[in-house]
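Q: I'm new to reading protein structures, and I'd like to zoom in on a single part. Please take me slowly through the salt bridges.

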Amino acid sequence: MTTATPELLTVPEVMQRLKVGRSTVYDLIRSRRLISITIGRARRIPVDAVREFIDHEIGEAA
């Protein structure tokens, strides 16, 4: 059995990856700097959206 990286992350998983708090993640989603989807009542963030956010922030800092 392989352990594949999930394509969708929860808010707590994004918090861990970005080393930020819950309100910061929701602020990024609200400001459309971080793309998310809602499935039922669950908020999910695509792994690619997190990578794109990081790449964009690195590009802005350079």
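What follows goes through them one pair at a time.

A: Before we start, keep in mind that this is a predicted model, where local features need pLDDT of at least 70, side-chain atom pairs count only at pLDDT 80 or more, and totals for chains, interfaces and linings use all residues. Residues are numbered from 1 along each chain as its sequence is written, and side-chain values use heavy atoms, with hydrogens and water left out.

A salt bridge here is a side-chain nitrogen of Lys or Arg within 4 Å of a carboxyl oxygen of Asp or Glu. By that rule, you get 3 salt bridges.

Let's begin in helix α2, which covers residues 22-30. (Helices are DSSP runs of H or I with at least four residues, strands are runs of E with at least two, and both are numbered from the N terminus.) R30 and D27 pair up there, with N and O 2.7 Å apart. They sit 3 residues apart in α2, so about one helical turn separates them. R30 is exposed, at 60% relative accessibility, while D27 is partly exposed at 41%. Those words have cut-offs: buried is under 20% relative accessible area, exposed is over 50%, and partly exposed is in between, using a 1.4 Å probe and protein chains only.

Next come R33 and E57, whose side chains meet at 2.9 Å, N to O. R33 lies in the loop between α2 and β2 and E57 in helix α3, so this bridge ties together parts that are 24 residues apart in sequence. R33 counts as partly exposed at 45%, and so does E57 at 27%.

While we're in that loop, have a look at S36, which is also found between α2 and β2. S36 is buried, at 19%. Its side chain makes a polar contact of 2.9 Å with that of R43; a polar contact is a pair of N or O atoms within 3.5 Å, where within protein one must be able to donate a hydrogen and the other to accept it, and residues adjacent in sequence count only if both atoms are side-chain atoms.

That leaves D48 and R51, with their closest N and O atoms 3.0 Å apart. Both residues lie in helix α3, 3 residues apart, which is about one turn of the helix. D48 is partly exposed at 46%, and R51 is partly exposed at 46% too.
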